[in-house]
Amino acid sequence: MKFKHFVLILSLFSCSTTLEFIPEPEYTLHYSRYKKTSWEDVEILQERPEKSFQILGEVVLRNQNEASWDDVKLYLKKAMWERKMDGLWIVSKKKHSVEALSFQTMDVRGHTTHAYEYKDQIPIFRGYAFRYKQGN
């Protein structure tokens, strides 16, 4: 019974999308010149923005449930809007190997009796959160 609860808890943690925002020292959430009125106005770009901009943080998104690109884009837009960013410039999309589960049992002497290791690959998106410079 306890093992079933462990598997259920493990599956709940393994089917989410996580976003890591690593801010630059100049980043502040309080930005009086922010003009976006909705998260739908935030830009998610595959190439460098044409207007002059300032990078204010790095973003690492781990798409553990392998959601569609449209779902990922919505998630990113909302997250960037909450941080008062004008957009996100995606610089890489790669699958990385991760050790999803490692389980082993030992006898009383400390010798391994059974071992199980499960590796998985998850898509990881990396990009730069930016704000356009004044006048753009």
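Student: What relative accessibility does Trp 69 have?
Tutor: Trp 69 comes out at 27%, which counts as partly exposed. Buried means under 20% relative accessible area, exposed means over 50%, and partly exposed lies in between, using a 1.4 Å probe and protein chains only. Keep in mind that this is a predicted model, where local features need pLDDT of at least 70, side-chain atom pairs count only at pLDDT 80 or more, and totals for chains, interfaces and linings use all residues. Residues are numbered from 1 along each chain as its sequence is written, and side-chain values use heavy atoms, with hydrogens and water left out.

Student: Good to know. Which ring does Trp 69 pair with?
Tutor: Trp 69 forms a tilted aromatic pair with Phe 125, at 5.6 Å centre to centre and 35° between the planes. The ties are between helix H2 (residues 69–82), which holds Trp 69, and strand S5 (residues 112–132), which holds Phe 125, so the pair joins parts 56 residues apart in sequence. Rings of Phe, Tyr and Trp (its six-membered ring) pair if their centres lie within 6.5 Å; planes under 30 degrees apart are stacked, over 60 edge-to-face, and the rest tilted.

Student: And Phe 125, buried or exposed?
Tutor: Phe 125 is buried, at 9% relative accessibility.

Student: What charged residue sits over the ring of Trp 69?
Tutor: That is Lys 93, whose charged end is 4.4 Å from the ring centre. The rule asks for NZ of Lys or CZ of Arg within 6 Å of the ring centre and within 35 degrees of the ring normal. Lys 51 also lies over a ring face, that of Tyr 132, at 4.8 Å from the centre.

Student: How many aromatic pairs are there, and which residues make up the cluster?
Tutor: The count is six aromatic pairs. Phe 53, Trp 89, Tyr 128, Phe 130 and Tyr 132 form one aromatic cluster.

Student: Let me step back. What's the overall layout?
Tutor: The order along the sequence is α-β-β-β-α-β-β, from two helices and five strands. These are DSSP runs numbered from the N terminus: H or I with at least four residues for helices, E with at least two for strands.

Student: How much of the chain is buried?
Tutor: 27% of its 136 residues. The chain exposes about 9600 Å², with 53% of that supplied by carbon and sulfur atoms. Those areas come from the Shrake-Rupley method with a 1.4 Å probe, and for residues only the protein chains shown count as cover.

Student: What about Arg 126, which residue does it meet?
Tutor: Arg 126 meets Glu 58 at 3.5 Å, N to O. Arg 126 lies in strand S5 and Glu 58 in strand S3, so the pair ties together parts 68 residues apart in sequence.

Student: And the bridge with Asp 107?
Tutor: Asp 107 pairs with Arg 109 at 3.3 Å, N to O. Arg 109 is exposed, with a relative accessible area of 63%, whereas Asp 107 is partly exposed at 25%.

Student: Last one: what is phi of Lys 84?
Tutor: Phi of Lys 84 is near 55°, a positive value in a residue other than glycine. Most residues other than glycine have a negative phi. Lys 84 is in the loop between H2 and strand S4 (87–106).

Definitions and conventions. A salt bridge is a side-chain nitrogen of Lys or Arg within 4 Å of a carboxyl oxygen of Asp or Glu.
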